[in-house]
Amino acid sequence: MRLLENFPLVAALSAIILSQIIKIPVAYFLRRPSTIALAISTGGMPSSHSAGVTALITSLFIEYGINSPFVAIAFIFGIIVIFDSMGVRRQSGEHGIIINGLIRDFDDLKKAFSKYHHEEVLKDDDEELRSRGFLGHKPIEVFFGIISGIIIALVVSLFY
């Protein structure tokens, strides 16, 4: 299959997949909730965003050299992805935590008014309103994502 002959693509996808899988044992050792669902979620250690773009940059560097326009494009793309995963997405996750707290407070308020039996207030379909709290990455998670991406690209390069 010709697609598997594309070293940068294989390196980047391998980094994303492996870093997602690695999140489970890392969460276990850090004494955080660790389930299979963690492998398909956003956030956590290491950052698969950082690992993927770093593996792409590293593999393009290995294949084409530092002066390649591919490396330049991937480097700029990588900076945007990494800053986005730490900045905007992290803030969105923190906002999600606050929103979930407000929803819990509203649930408590609904229970306090339950003696009035207002059906429109007592509807219990707010589960879809819950926000996922962990969207972005802490700088340490990004750092280990970058290290993971470089190492995975170097390992994959041994097979090409």
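**Notes on rings and core**

1. Phe144, at 36% relative accessibility, counts as partly exposed, and Phe143 is partly exposed too, at 45%. Here buried means under 20% relative accessible area, exposed over 50% and partly exposed in between, using a 1.4 Å probe and protein chains only.

2. A word on the source: this is a predicted model, where local features need pLDDT of at least 70 and side-chain atom pairs count only at pLDDT 80 or more, while totals for chains, interfaces and linings use all residues. Residues are numbered from 1 along each chain as its sequence is written, and side-chain values use heavy atoms, with hydrogens and water left out.

3. The count comes to four aromatic pairs (rings of Phe, Tyr and Trp, the last by its six-membered ring, with centres within 6.5 Å; planes under 30 degrees apart are stacked, over 60 edge-to-face, the rest tilted). One of them, Phe7 with Tyr160, is tilted, at 5.3 Å centre to centre and 40° between the planes. Phe7 lies in helix α1 and Tyr160 in the segment after α6, so this pair ties together parts 153 residues apart in sequence. Helices are DSSP runs (H or I, at least four residues), numbered from the N terminus.

4. Phe7 is buried at 4% relative accessibility, whereas Tyr160 is partly exposed at 46%. Phe143 and Phe144 also pair, edge-to-face, with 5.3 Å between centres and 80° between planes.

5. Not counting residues up to four places away in sequence, Val156 touches Phe7, Val10, Ala11 and Ser14 (contact means heavy atoms within 4.5 Å).

How values were computed
Helices (H or I, at least four residues) and strands (E, at least two) are DSSP runs, numbered from the N terminus.
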